[in-house]
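Take a look at it first, then read on.

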2 protein chains.
Amino acid sequence: MQTELSRRLGIEHAVFGFTPFPAVAAAISRAGGLGVLGAVRYTDPGDLARDLDWMDAHTGGRPYGLDVVMPAKKVEGVTEADVEAMIPEGHRRFVRETLARHGVPELAAGDRRGWRITGWMEEVARAQLDTAFGHPLALLANALGPPPADVVQRAHAHGVLVAALAGSARHAARHADAGIDVVVAQGYEAGGHTGEIATMVLTPEVVRAVGPLPVLAAGGIGSGEQIAAALALGAQGVWIGSLWLTTEEADLGSPALTAKLLAAGSGDTVRSRALTGKPARQLRTAWTEAWDDPAGPGTLPMPLQGLLVAEALTRIQKYEAGPLLGTPVGQIVGSMNTRRGVQAVFDDLTRDFERAVARLNGIAGDGQGPPGDRVRGAAPKAGADAGPGPD
Amino acid sequence: MQTELSRRLGIEHAVFGFTPFPAVAAAISRAGGLGVLGAVRYTDPGDLARDLDWMDAHTGGRPYGLDVVMPAKKVEGVTEADVEAMIPEGHRRFVRETLARHGVPELAAGDRRGWRITGWMEEVARAQLDTAFGHPLALLANALGPPPADVVQRAHAHGVLVAALAGSARHAARHADAGIDVVVAQGYEAGGHTGEIATMVLTPEVVRAVGPLPVLAAGGIGSGEQIAAALALGAQGVWIGSLWLTTEEADLGSPALTAKLLAAGSGDTVRSRALTGKPARQLRTAWTEAWDDPAGPGTLPMPLQGLLVAEALTRIQKYEAGPLLGTPVGQIVGSMNTRRGVQAVFDDLTRDFERAVARLNGIAGDGQGPPGDRVRGAAPKAGADAGPGPD
């Protein structure tokens, strides 16, 4: 499964696997894709350095990538305390009451309070990059559009390709103008932050908007058939995130959450602002329903919402508060029904991709036949002569 | 572009084109697809008989289909007047005020009042079928799930295949149990009534749910690349509706509406209850915004909403009331940028389909190489041994 982009990166399959888990990212790279480690959960650069060292030791020299969350526009001089102060007390009360209604205990004294906001702030992302550029990165992806110009330059100086996520052709064109190398077109059905345009429509639109820049299709892709579909739409590869959440290498920290993912149908996700303040697809839970309820206080804008709910999400996860327990995940969750290793998942992807292509060849081939067999209707007349209207 | 289903129907390309315009339906059948005429606008069986006669004279013996709107559950003894009486006066006032605010004139004395509700009622659909079964139909499609059992039997007795639209795998399985022959899996990005699941996810789900029953993919399909994608997902054909709205053979009755469609981007549609009371994708207009505004009265359930707005929509269309002017259409409207004949559209579809398949073959082929070149990573260890978690 090779495209110009996969050859440029020296990977066997044009499958880009986004994951917050180093063990998953390394396994994806070993299997011939490009594992892309999500950095947002690393608030301490020391932790990231340790995990990247581990990646280097477990990818057998295969390329891998890093995904940061870095706003193109800088927010100067705002501290976490400043943001905290902007959260209305009514919203804090709603958090407390919702957790109390479901009997979710408080955290213990020594517990971590969750990833909080810091992973979203530019200084943290820059510290992550200082660490990361010391490792043999192949791709730097940014979830919030193009990173700042100096970061793009720095990546290029290290021979690292820069990718940026886009939910519309207009955003993608703007990203391309910022000098990035790869656009990830993230469709409506994707887990995490998404726009309204479905992958089937978005992918070719973005390809037209930024070509010859390579485009990765994201959203709705969790099988070899879906990879074939995405590549038929003009993508040079696929960006897959949800599928790895139920692999054996993933450590969600909650068996109940894994069980919930394995049981969920494609209709059990919702695009909600409950997580960050911007629409992000995730499991539909009593928690998202509370925030999306018109009778409730509603969500706050990014980054307030993320800061407001960070500790609550840690509590929900720690105590596995069933009805509230969720995670960002795309509509393909409906097909994530067994727990398997990354390599087994990859084997299915490549086998089913080949089968889908073979099936398509059968469909295309049968339609061709000898020229004499091809039937063509007379060109229809246009306008008023063409026949009766609907009335 | 031949599948088992297209061969069974004796058509050259597995492209099913839904349209309310006989001239478009006939042109689609002449071009080698299956034109499917929407019957909902025919409140007078005489009009339908006239147009089906015309179809017979203009399809050159090629098969065509009919799409009716027939609820599986019968509503006994309810007249249009009964339904009218259920509409609150506040909603009628909101219609009047919205039209007045945009300066939309009243209809003239002799004007038709719009298709109203009658096309949605079973007795009308049954009268349509009495007419239709006298014509050489190949396919009977129903927009509201399976038609009643006796209608399915009657279709089969005439050698007519029965298709039903579904927006979820669960609905599709129920349709299959009702003895239909083809499921149309209608994705979120489609024009008209749609569910929440995008075509990329819905198509393979429905194929798994009802196989070996053939599935047509609907929603997001307006190019040869998108056809290739849909067929890669396991569909035996595609169901395309929006694409024909801007063909030369289509007579929307409003040049301003055609211009609006040609100019619209993929982000200019909305899934709104404004049209019928159930979520249907359509152009986003001042009309849909008024109904979707939380400060407004909100929409009524089906069939009240359709009856409430029928005359208003006729006025909006007759006077081409720009900001209010809309139509059901899918997200592919963003790629409908030129007015062309159906045959020219079809030529592009088939050419681009073949190109997409050729491109996929290049991608699949390059990945194969001689066995010695294939790189495989060691199988990763599972569980706690697999490496550090994210913390």
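How many salt bridges does the rule find across the interface of domain 1 of chain A and domain 2 of chain A? The rule finds 1 salt bridge there, a salt bridge being a side-chain nitrogen of Lys or Arg within 4 Å of a carboxyl oxygen of Asp or Glu.

## Ground rules

This is a predicted model, where local features need pLDDT of at least 70 and side-chain atom pairs count only at pLDDT 80 or more, while totals for chains, interfaces and linings use all residues. Residues are numbered from 1 along each chain as its sequence is written, chains are lettered from A and ligands numbered from 1 in the order in which they are written, and side-chain values use heavy atoms, with hydrogens and water left out.

## Two domains in chain A

Chain A is assigned domain 1 (1-75 + 121-246) and domain 2 (76-115 + 252-335); bounds like these come from an automatic or database domain assignment. Taken over C-alpha atoms, the domain centres sit 25 Å apart. Domain 1 of chain A puts 24 residues into the contact and domain 2 of chain A puts in 22 residues, with contact meaning heavy atoms within 4.5 Å.

Together the two domains of chain A bury about 1,900 Å², 62% of it on carbon and sulfur atoms. Buried area here is the accessible area (1.4 Å probe) that two parts lose on being put together, summed over both. There is also a salt bridge between A:Arg271 and A:Glu196, with the closest N and O atoms 3.6 Å apart.

## A helix pair in chain A

Helices α6 (residues 122-132) and α7 (residues 149-157) of chain A have axes that come within 12 Å and cross at roughly 10°. That makes α6(A) roughly parallel to α7(A), since angles under 35 degrees count as roughly parallel. Axes are lines fitted to C-alpha atoms, for helices over the stretch in contact, and angles run from 0 to 180 degrees between N-to-C directions. Helices are DSSP runs (H or I, at least four residues) and strands are too (E, at least two), numbered from the N terminus.

On the α6(A) side, A:Arg126, A:Leu129 and A:Asp130 meet A:Asp150, A:Val151 and A:Arg154 of α7(A).

Most residues other than glycine have a negative phi, and most peptide bonds are trans. A:Gly211 and A:Pro212 are joined by a cis peptide bond, omega near 5°, and A:Pro212 lies in the loop between α9 (199-210) and β8 (215-218) of chain A.

A:Glu320 isn't a glycine, yet has a positive phi of about 45°.

Conventions:
Angles under 35 degrees count as roughly parallel, over 145 as roughly antiparallel, 65 to 115 as roughly perpendicular and the rest as oblique.
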